[in-house]
Amino acid sequence: MSEKKILLSGIQPSGKLCIGNYIGALKNWVNLQDEYESIFLVVDMHALTVKQVPSELRQRCLSFVAQYIACGIDPDENTIVIQSHVPQHAELMWVLNSITYMGELNRMTQFKDKSKQHNKNINVGLFSYPVLMAADILLYQADVVPVGADQKQHLELARELAHRFNHQYSDTFKMPEPFISKTGGRIMSLQDPEKKMSKSDENDNNILGLLDPSDLLIKKIKRAVTDSGTDIVYDQSRPGLANLLGIYAKLSDKSIDKIVAQFEGKMYSHFKADLGELVVETLRPVQEKYSQLMDDKGYLETVLKAGADKSFVHARKTLSKVYRKVGFLLKK
Ligand code: TRP
């Protein structure tokens, strides 16, 4: 195994990947991939906790893999893997279930939010979602886990479970560290800039999809909610404009101050037109690479086969250790 530390992260294949995922996750993954031995998951088992159309889920998993690669993840240097391809995720989860308290899961804010949102389908999977996530992380002995602020609580549970298991049996799991990117920044919804841009938003006008056609991206930016002001300044009390400035800054790698100076005396419409162009130009190569990849399913399948084979080796090692420690009779 290489000397590099292990980085692990994942995205749920639900909805469609958007500029929020690009800036908040994928772009950072690409920047970190050389420094770490990286594992990037498509967590299809997590996606089952809300209703899915099976044929769409299947297609989306492949599409997400192609989008990871199109955004710059190098599948030769990193591991891209579909969660359900490695059965040890579920197996480790079962063991972790037995050291997780109901009270701990009851406190999870995402569970509370999702229970409200899907109040006709508050299933056990939704409840134990964070335990599966802990299994994802601990299975690979991950050192660092880049996550958004909304996942911090889940990561803390993973750390707590690692500690609890190590203490109850003996040292088994590495303690994963959260990696909250300095440049991360939350990208907000275009029509409702008080809430996060979410790939599962029912209103498509709230998100800039990575695969949206150029004219649609431009139209969505033009229609993004701003305010009745005229000057382009960064002001938290003008969340729509602040969000668009944030997107501009992240995609151009310029500071907000520089952008504000650049647009001094200009109108919102100018700024939005320039931002539209920036988004389109950023996504153009991603979309081109994506269509090439989707035309070569054989290649994507090779990537996934390699990813599953490589992960399986790590996963089996950790799981057999765990099974031995908890007292399971080993199969000969
Ligand atoms: N729960 C994460 C999210 O919704 C996705 C996820 C699943 C994940 N397993 C993970 C993230 C392991 C990091 C590490 O964003």
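A polar contact is a pair of N or O atoms within 3.5 Å; within protein, one atom must be able to donate a hydrogen and the other to accept it, and residues adjacent in sequence count only if both atoms are side-chain atoms. The model is predicted, so local features need pLDDT of at least 70 and side-chain atom pairs count only at pLDDT 80 or more, while totals for chains, interfaces and linings use all residues. Residues are numbered from 1 along each chain as its sequence is written, and side-chain values use heavy atoms, with hydrogens and water left out.

A nitrogen atom of the ligand lies 2.6 Å from a side-chain N or O atom of Asp136. For Tyr129, a polar side-chain atom is 2.7 Å from a ligand nitrogen, and for Gln151 the corresponding distance is 2.9 Å. On its own the ligand has 370 Å² of accessible area, of which the protein covers 89% (Shrake-Rupley method, 1.4 Å probe; for residues, only the protein chains shown count as cover).

The shell around the ligand consists of Leu8, Ser9, Gly10, Val43, His46, Tyr129, Met133, Asp136, Ile137, Val145, Val147 and Gln151, a residue being near the ligand if one of its heavy atoms lies within 4 Å of it. Seven of these residues are nonpolar, four are polar and one is charged (nonpolar: Ala, Val, Leu, Ile, Met, Phe, Trp, Tyr, Cys and Pro; charged: Asp, Glu, Lys and Arg; polar: the others, Gly among them). Strand S1 (6-11) and helix H7 (124-139) are the elements that give two or more residues to the shell. The largest share, four residues, comes from H7. Helices (H or I, at least four residues) and strands (E, at least two) are DSSP runs, numbered from the N terminus.

The largest cavity is lined by Gln110, Phe111, Lys114, Leu126, Tyr129, Pro130 and His154. A cavity is a set of points, on a 1 Å grid over the protein atoms alone, where a 1.4 Å probe fits but cannot get out, and lining residues have an atom within 4 Å of a point. Helix H6 (109-117) and H7 each supply at least two residues of this lining. The lining divides into four nonpolar residues, two polar and one charged.

The count of salt bridges is 16 (a side-chain nitrogen of Lys or Arg within 4 Å of a carboxyl oxygen of Asp or Glu). Glu104 and Arg164 form a salt bridge through their side chains, with an N to O distance of 2.6 Å. Glu104 lies in helix H5 (residues 102-106) and Arg164 in helix H8 (residues 152-168), so the pair ties together parts that are 60 residues apart in sequence.

Key. On a 1 Å grid over the protein atoms alone, a cavity is a set of points where a 1.4 Å probe fits but cannot get out, and a pocket is an open set with protein on both sides within 12 Å along at least five of seven lines; lining residues have an atom within 4 Å of a point.
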